[in-house]
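Please look through the sequence and the model shown below before reading on. The report is arranged by topic, from the whole chain to single residues.

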Amino acid sequence: MIKFSNKLAVEMLRPCPYVRCFHRCLATSISSSSQVQAPLNFLSGKRCDPSENIGNFDLKYPATDETLRQVPSSGERDVNEAVGQAREGFKSWSKLSGFERGNVLKRAANIMRERLEELAQTEVLDTGKPIWEARCDVQGCADTVDYYGGLAARISGEFLPLSNGCFSYTVREPLGVVGGIGAWNYPLQMASWKSSPALACGNTFVFKPSPLTPLTAVMLGEVYKEAGLPDGCYNIIQGETKTGQLLTTHPNIAKMSFTGSVPTGSKIMEACAKVG
């Protein structure tokens with residue numbers, strides 16, 4: 001058996017100077033890219049900065065832990081605006097047929113496939129995962145959106161014949177505004193997995209990404225916009241714990257979807273139950 005000293009193990013794990021230099025140069029280039037420097041909230045079909053900044057958090061490049069920029073956290077005014085825009089968008093989106101909503105989602109899936117490399121590279125900047133894995137993630141996101149695009153036209157109630165020539169029927173109706181909070185490890189997938197079924201059913205969506213990975217959820221909003229999704233139907237608010245609390249306790253959120261730790265999920269479930 002070969003034995004290694006702690007010192008040798010540390011030296012073997014430490015990146016060589018050339019690799020560190022490469023990543024520092026890459027981080028400098030990344031920090032000036034449009035995806036990093038552009039506003040990271042997405043309301044009413046466009047990027048925007050919060051109107052009420054309740055604090056900043058660092059966006060870091062995972063390979064070097066260098067700070068690329070500071071991102072402002074959205075306050076109560078911005079959460080209210082996002083939910084208000086979603087309620088406004090719901091008026092028109094919910095009245096479309098499932099076939100029409102599905103066509104928008106299918107177009108979005110095709111756009112994601114066309115922009116696969118750009119989305120995958122941004123996912124690498126966000127998460128630090130290898131590019132081959134990011135490409136698989138983006139392809140999976142496009143497939144998910146495509147699947148719910150096909151499913152939208154099949155969402156229907158039931159016709160139940162009763163005795164004496166009577167019958168009953170059920171109608172499936174959208175809830176309204178759905179909120180979502182995502183985890184850091186699959187940021188684009190979280191946004192896609194949560195938004196596409198909500199949109200397929202005629203709901204609108206407000207999403208808070210993890211503060212560790214805020215980039216690609218906004219790009220998904222631009223994809224939806226290009227595909228023809230009406231303004232206000234998909235909204236992004238950036239922030240940390242306080243922003244998430246404002247979203248989960250908002251009285252006009254009809255349903256919440258959360259991915260994260262059990263303790264946080266328990267708190268969110270309790271908060272939502274109190275709001276009713």
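What follows describes the predicted model, beginning with the chain and ending with individual loop residues.

## The chain as a whole

In this predicted model, the protein chain contains 11 helices and 10 strands. When contacts with a separation of 6 or more are considered, residues 24 or more positions apart account for 74% of them.

## Nonpolar cores

The largest nonpolar core has 48 residues, and those with the most contacts inside it are M112, Y224, L229 and Y234. Helix α9, residues 216–227, gives this core its largest share, namely seven residues. Apart from this core lies another, of 15 residues, with A86, L246, L247 and I253 among them.

## The packing of α5 and α8

Two packed helices are described by the angle between their axes and the distance between the axes. For helix α5, residues 98–114, and α8, the angle is about 160 degrees and the axes are 10 Å apart. Angles over 145 degrees count as roughly antiparallel, and α5 is therefore roughly antiparallel to α8. The crossing of the two helices α5 and α8 is left-handed. On the α5 side the contact is made by R101, L105 and M112, and on the α8 side by L188, S192, S196, L199 and A200.

Which residues does S192 contact, leaving aside its neighbours within four places in sequence? S192 lies in helix α8, which spans residues 187–200, and its contacts under that condition are with M112, C141, T144, V145, P197 and L220.

## R135 in helix α7

R135 is placed in helix α7, residues 131–152.

Not counting residues up to four places away in sequence, R135 touches L116, E117 and A120. R135 and E118 are 17 residues apart in sequence, and their C-alpha atoms are 9.5 Å apart in space.

## Loop residues with positive phi

Most residues other than glycine have a negative phi. Against that background, two residues deserve a separate note. S44, found in the loop between β1 (41–43) and β2 (46–48), has a phi near 50 degrees, a positive value in a residue other than glycine.

N164 likewise is not a glycine, yet has a positive phi of about 60 degrees. Its place is in the loop between β5 (159–161) and β6 (167–169). N164 counts as exposed because its relative accessibility is 77%, where the cut-off for exposed is over 50%.

How values were computed
Residues are numbered from 1 along each chain as its sequence is written. This is a predicted model: local features need pLDDT of at least 70, side-chain atom pairs count only at pLDDT 80 or more; totals for chains, interfaces and linings use all residues. Side-chain values use heavy atoms; hydrogens and water are left out. Helices (H or I, at least four residues) and strands (E, at least two) are DSSP runs, numbered from the N terminus. Contact means heavy atoms within 4.5 Å. A nonpolar core is a set of buried Ala, Val, Leu, Ile, Met, Phe, Trp, Tyr and Cys residues joined through side-chain atoms within 4.5 Å. Buried means under 20% relative accessible area, exposed over 50%, partly exposed in between (1.4 Å probe, protein chains only). Axes are lines fitted to C-alpha atoms, for helices over the stretch in contact, and angles run from 0 to 180 degrees between N-to-C directions. Angles under 35 degrees count as roughly parallel, over 145 as roughly antiparallel, 65 to 115 as roughly perpendicular and the rest as oblique. A crossing is left-handed if the near helix is turned anticlockwise from the far one by less than a right angle, and right-handed if clockwise.
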